[in-house]
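User: I am new to reading protein structures. Can you take me through one, feature by feature?

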Amino acid sequence: MGITSSNKVLSTNRIECGGTFQVTLSLTAAPDIIANPTDIVLVLDRSGSMAGSALASLKLGAKTFIDIIADATGGTQMGQIGFGSRIGIVSFASTATKDTGLITSVADLKSAVDALNAAGSTNHADAFTKAVELLTPPSGNDRVIVMFTDGETTVGGNPSPIAAAARASGIVIYAICLAGEDGVDVAALEDWASKPPSAFVAITPDDAELEELFAELARNITKPGATDIRIDDVLNDCFEIVSLSAPTKGTASMTGPRSLRWEIDELGMHASEGASLTFTVRHSGTCTGEVEVNDSITYSDHEGNHVTFPSPEITVDCGTDVLPEACPEPVDITTHGCEDAIEFDAGEISMQSLGRVLQLSVTVKNVCPHRRVALAAIVTEVDEHGLEFKRGLKTVTLPAHNHPTCRDVRVRCIKFVLPEDLDVSGSDGAICNERKFKARFIAHYIDNDFACCDIVL
């Protein structure tokens, strides 16, 4: 089967500036389907929410899956699945139906898929029950359930004990989910699927991607297990790796502040097998907002399996940025040819940009929503005797933010011009001496709930 799944997931989708989170890489591999015949049950959701393009994409994906399995087992010309492997179809809505047994006829399997119509609720428990019945008693083949659904359980019993019993009996369970209009219970999918969940669960919000999801799973099922695996993961330069946990299989080491290498001698050579690696990452750059965690991730093995990992994004919240002053407008100057000297009249300029410029930034902590803040920045210069001399005061009004909770507000680029003729450093140098300054900040709310009480004498 080769690599049957690969994934990269984050422990959270949001962190504060400088915060940490965990990243988990996972792989699953299984033996070759010809050397290890496999009984596969496609469990297909035909509830009412699947009506329209979703059901059409599901049918296309399921039939593509059947074709790939048939081709890999050498049965395409005869219209059969070869070398002892079989596929069965179970579909479900309010109840589940065994649309076929475990059979080898490609035409009969596709006819069963084409006959599906969308209506009713979603009964995952009955779906798992019917799928397990098809695989019982064991035939000696490897056994796989591919559960496809587009939503949460709405009728029937609890599917978790049924899925757990199936896994305990040696059945491998994959979960493919279309994130439908009613939402998706990710925790339930991970509970049903084989472990680690990140290697056996695939979710897409776009039904157009279903064909490729089914096709990729089928292609990987038909390949052999993998040997001499090497994964090189490099993070975006906004992040750094803090620590590595020991992988469940193989060895891992950091190759740089934001890169690692994971190596596995062999995986899935004798039975379906998963492996995972978890590492801790810290935000260390200047990026904010939606940030892609990956810079690059590459995979190689002896068998030449083609493996891709997703590139998840995380929201980095560094609070609200306020720029109290605009940058000076630039003046365009163009030179022509080999001119030795150029004279250009820039016109009038403001005195605020002359002299040495001190640029301050400050973070005002825990600013509550819907309240403006008055901020004062005071700069003094300190001479060699520790005496302070006034060099400037600026006041800024920070606009109110609409975040639902209190948050930090970053105020950037508060500029003070410090003329050289006010230098009190005591140095003998004419200009550019080392000068010492102190900055003080005062902040308070402008908007508040205070009101004078009526006084009755």
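User: Which residue in E5 stands opposite isoleucine 40?

Analyst: Keep in mind that this is a predicted model. Strands of a sheet pair through backbone hydrogen bonds, either parallel or antiparallel. In this case, isoleucine 40 faces isoleucine 87 in E5. The two strands are E4 (residues 38-45) and E5 (residues 86-92). They pair in the parallel sense, over 7 bridges.

User: What is the strand order of the open sheet of 6 strands?

Analyst: Read across the sheet, strand by strand. The order is E6-E5-E4-E7-E8-E9, and the pairing is mixed. At the edges sit strand E6 (96-98) and strand E9 (201-204), each of which pairs on one side only. From one strand to the next, the twist averages 15°.

User: How many bridges link E7 and E8?

Analyst: There are 6 bridges, and the two strands pair in the parallel sense. One example: isoleucine 145 has isoleucine 173 in E8 as its bridge partner.

User: Is E8 mostly covered or mostly uncovered?

Analyst: Mostly covered: 7 of its 7 residues are buried. Now look at its two faces. Val172, Tyr174, Ile176 and Leu178 are buried on one side. Ile173, Ala175 and Cys177 are buried on the other.

User: Which strands does helix H1 lie across?

Analyst: Helix H1 (residues 53-72) lies across E4, E5, strand E7 (142-149) and strand E8 (172-178). Its direction is at about 175° to E4.

User: At what angle do H1 and helix H7 pack?

Analyst: For a helix pair, read the angle and the axis distance. H1 and helix H7 (residues 210-221) pack at about 20°, and their axes are 8 Å apart. That angle makes H1 roughly parallel to H7, because angles under 35 degrees count as roughly parallel. The crossing of H1 and H7 is right-handed.

User: Which residues make that contact, including those of H1?

Analyst: On the H1 side they include Ala54, Leu58, Phe65 and Ile69. On the H7 side they include Leu210, Phe214, Leu217 and Ile221. By class, the contact of H1 with H7 has 13 nonpolar, 3 polar and 2 charged residues.

User: How far apart are the axes of H3 and H4?

Analyst: Helix H3 (residues 124-134) and helix H4 (residues 160-168) have axes 8 Å apart and pack at an angle of about 25°. H3 and H4 are therefore roughly parallel to each other. Their crossing is left-handed. Ala125, Phe128, Thr129 and Val132 of H3 meet Ile162, Ala163 and Ala166 of H4. These residues divide into 6 nonpolar, 1 polar and no charged.

User: Where is threonine 122, and is it buried or exposed?

Analyst: Loops need a check of their own. Threonine 122 is in the loop between helix H2 (106-114) and H3. It is buried, because its relative accessible area is 6% and the cut-off for buried is under 20%. Leaving out residues up to four places away in sequence, threonine 122 touches several others, among them Asp45, Phe92, Thr149 and Glu152.

User: What is the phi of asparagine 366?

Analyst: Phi is near 50°, a positive value in a residue other than glycine. Asparagine 366 is in strand E19 (residues 356-367). At 51% relative accessibility, asparagine 366 counts as exposed. Cysteine 413 is not a glycine either, and has a positive phi of about 65°. Cysteine 413 lies in strand E22 (residues 407-418). Cysteine 413 is buried, with a relative accessible area of 14%.

User: In what order do the 4 strands of the other open sheet run?

Analyst: The order is E12-E13-E10-E16, and the pairing is antiparallel. The edge strands are E12 (251-256) and E16 (294-300). E12 joins strand E13 (residues 259-267) through 5 bridges. Serine 253 stands opposite arginine 261 in E13.

Notes: Residues numbered from 1 in each chain as written. Predicted model: local features only at pLDDT ≥ 70, side-chain atom pairs only at ≥ 80, totals over all residues. Heavy atoms only, no water. Pairing = 2+ DSSP bridges. Axes fitted to C-alpha atoms, helices over the stretch in contact; angles between N-to-C directions. Parallel < 35°, antiparallel > 145°, perpendicular 65-115°, else oblique. Left-handed = near helix turned anticlockwise from the far one by under 90°. Contact = heavy atoms within 4.5 Å. Nonpolar A, V, L, I, M, F, W, Y, C, P; charged D, E, K, R; others polar. Buried < 20%, exposed > 50% of the residue type's maximum accessible area, 1.4 Å probe, protein only.
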